[in-house]
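Keep the model open beside you as you read.

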Amino acid sequence: MELKVLTASEGMVLTNGEAYGKAITLGKNDNPENWHEISEAEYEKMQTVIKEQFESEV
């Protein structure tokens, strides 16, 4: 079985809407079309929102 690895462009982060990373190894049933790039600034903003939501629930 050949592993497929997606690598984000410079200054970008890959996401499928739930997971994030600079390099993603696709699972057996995953597809490259499920992933897209966002800017690092957008990624940081999303992480701040997620952290704030988590802290408000605790």
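Start at Thr15, whose side chain reaches the backbone nitrogen of Gly17 at 2.9 Å. That is a polar contact, meaning a pair of N or O atoms within 3.5 Å; within protein, one must be able to donate a hydrogen and the other to accept it, and residues adjacent in sequence count only if both atoms are side-chain atoms. A word on the source: this is a predicted model, in which local features need pLDDT of at least 70 and side-chain atom pairs count only at pLDDT 80 or more, while totals for chains, interfaces and linings use all residues. Residues are numbered from 1 along each chain as its sequence is written, and side-chain values use heavy atoms, with hydrogens and water left out.

Thr15 has a relative accessibility of 3%, so it counts as buried (under 20% relative accessible area; exposed is over 50%, partly exposed in between, with a 1.4 Å probe and protein chains only). Leaving aside residues up to four places away in sequence, Thr15 touches Tyr20, Asn34, Trp35, His36 and Ile38, where a contact means heavy atoms within 4.5 Å.

Thr15 is found in strand β2. Helices (H or I, at least four residues) and strands (E, at least two) are DSSP runs, numbered from the N terminus. β2, residues 12–15, pairs with β5 in the antiparallel sense over 4 bridges; two strands pair if DSSP finds at least two bridges between them. Within this pairing, Val13 stands opposite Ile38 of β5. Together, 3 strands form an open antiparallel sheet in the order β3-β2-β5. β3 (20–21) and β5 (36–39) stand at the edges with a single partner strand each, so one side of each has no neighbour in the sheet. Helix α1, residues 40–57, packs on the sheet and touches β2, β3 and β5.

Now look at Val5, which lies in strand β1 (residues 5–7). Val5 and Thr25 are 20 residues apart along the chain, yet their C-alpha atoms are separated by 4.3 Å.

Which residues make up the largest nonpolar core? They are Leu6, Ala8, Leu14, Ile24, Leu26 and Trp35; such a core is a set of buried Ala, Val, Leu, Ile, Met, Phe, Trp, Tyr and Cys residues joined through side-chain atoms within 4.5 Å. Ile24 touches Leu6, Leu14 and Trp35, among others.

Stepping back, the protein follows the pattern β-β-β-β-β-α along its sequence. Of its 58 residues, 17% count as buried. The C-alpha trace spans about 45 × 25 × 15 Å along its principal axes.

Technical notes: Axes are lines fitted to C-alpha atoms, for helices over the stretch in contact, and angles run from 0 to 180 degrees between N-to-C directions.
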